[in-house]
Number of protein chains: 2
Amino acid sequence: MYSIGDLSRRTGVKIPTIRYYEQMGLIAAPERSEGNQRRYERSELERLAFIRHARDLGLSIDSIKDLLALSQHPERPCGEADRIASEHLATVREKIARLKKLEQELERIVACDGNHTVGDCYVIRALADHSMCESEH
Amino acid sequence: MYSIGDLSRRTGVKIPTIRYYEQMGLIAAPERSEGNQRRYERSELERLAFIRHARDLGLSIDSIKDLLALSQHPERPCGEADRIASEHLATVREKIARLKKLEQELERIVACDGNHTVGDCYVIRALADHSMCESEH
DNA sequence: TCTATTGCTCCAGAAGCTATAGGTTTGAGG
DNA sequence: CCTCAAACCTATAGCTTCTGGAGCAATAGA
């Protein structure tokens, strides 16, 4: 049996976050000690590690819930799990694309060398005037 | 004089968001009509467009506050504006780098073709077992 | 003047935690 | 067995950047 602190140390998930996950229904409310403290079994440790990993990969709490529910049914086809991961991959790719545009825009803006006054600073001018942008955003 | 709706249409910032910006001190509380409705001048429209643009670029409300304060003093050196934009560029680049790692990880995970069962689904297995990852994250 | 549209304030919610306050339990050392 | 620090408990509020709704008042066009 693990205390919540043990679980936290072993998974790298902070204690308040574990309690939060319990509230959100990602992990079941565990047994309690006589003094009302949470006592976890090994299976909960694995479940939490799964959650941690998925969160690190940026999956939403809701997606993780779905994946966890799926993993309870090893006999079912796994197309759904594949779909969740693929969709997430698509959103990650979109984010990358958007950020790259911003990067370009900011690179242009930052070309101001900082050695003059705000009155003719390219950073300020570029922000004030959207039409100076090269791409839509 | 513009109503809040005019301002919203011209800048693409939603009405509640404009009021929120007022609350946050990004724009000054404008004059009011006899019936207590907000009435804006052209200068506020430009200020809001500046804010909108900077938000689109992902700058935080606090950074925008600083930039707006700077732009009130055209005679000052602009190194500070340059610094804010450069720092932001750095965080954007970091985000891109992190997302690219996730992209790779997800690509590997998604290699599961969806045509079998959850029990041996690569998506689920990869999420359960961090050691299957190629890079740290 | 009537009425559709727009505006007002206040408040709650979304996501995913994090922190604080004020109290209780646990477990190791003496 | 006793003590005491560390760990744990609950409940609640806060973070960030908005967004949406309720319930009511003002405005503008026909």
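1. The surface near DNA strand D divides into six nonpolar, nine polar and six charged residues. In total 21 residues surround DNA strand D, the closest being Gly5(A), Arg19(A), Arg38(A), Thr17(B) and Arg55(B); a residue is near a strand if one of its heavy atoms lies within 4 Å of it.

2. This is a predicted model, in which local features need pLDDT of at least 70 and side-chain atom pairs count only at pLDDT 80 or more, while totals for chains, interfaces and linings use all residues. Residues are numbered from 1 along each chain as its sequence is written, chains are lettered from A and ligands numbered from 1 in the order in which they are written, and side-chain values use heavy atoms, with hydrogens and water left out.

3. Of the atoms of DNA strand D within 4 Å of the protein, 86% are in sugar or phosphate and the rest in bases. Gly5(A) places a backbone N or O atom 2.7 Å from a phosphate oxygen of DNA strand D. The side chain of Thr17(B) has an N or O atom 2.8 Å from a phosphate oxygen of DNA strand D.

4. Helices H1 (4-11) and H2 (15-23) of chain A and helix H2 (15-23) of chain B each supply at least two residues of the surface near DNA strand D. Helices (H or I, at least four residues) and strands (E, at least two) are DSSP runs, numbered from the N terminus. H2(B) gives the most to this surface, four residues.

5. Which residues of H2(B) are buried? They are Ile18(B), Tyr21(B) and Glu22(B). These three lie on the same side of H2(B) because they cover an arc of only 105° around the axis, taken from the directions from the helix axis to the C-beta atoms. Pro16(B) and Gln23(B), on the other side of H2(B), are exposed. Buried means under 20% relative accessible area, exposed over 50%, and partly exposed in between (1.4 Å probe, protein chains only).

6. Around DNA strand C there are 21 residues, with Ser33(A), Arg55(A), Gly5(B), Arg19(B) and Arg38(B) nearest. Sugar or phosphate accounts for 87% of the atoms of DNA strand C within 4 Å of the protein. A phosphate oxygen of DNA strand C lies 2.3 Å from a polar side-chain atom of Arg19(B), and one lies 2.4 Å from a backbone N or O atom of Gly5(B). The largest share of the surface near DNA strand C, four residues, comes from H2(A).

7. Chain A has six helices and two strands, in the order α-α-β-β-α-α-α-α along the sequence. Of its 137 residues, 40% are buried.

8. The lining of the largest cavity has seven nonpolar, no polar and no charged residues: Leu59(A), Leu67(A), Ala85(A), Leu106(B), Ile109(B), Val123(B) and Leu127(B). Helix H5 (79-110) and helix H6 (122-128) of chain B each supply at least two of the lining residues.

Terms used:
On a 1 Å grid over the protein atoms alone, a cavity is a set of points where a 1.4 Å probe fits but cannot get out, and a pocket is an open set with protein on both sides within 12 Å along at least five of seven lines; lining residues have an atom within 4 Å of a point. Ala, Val, Leu, Ile, Met, Phe, Trp, Tyr, Cys and Pro count as nonpolar, Asp, Glu, Lys and Arg as charged, and the others, Gly among them, as polar. A polar contact is a pair of N or O atoms within 3.5 Å; within protein, one must be able to donate a hydrogen and the other to accept it, and residues adjacent in sequence count only if both atoms are side-chain atoms.
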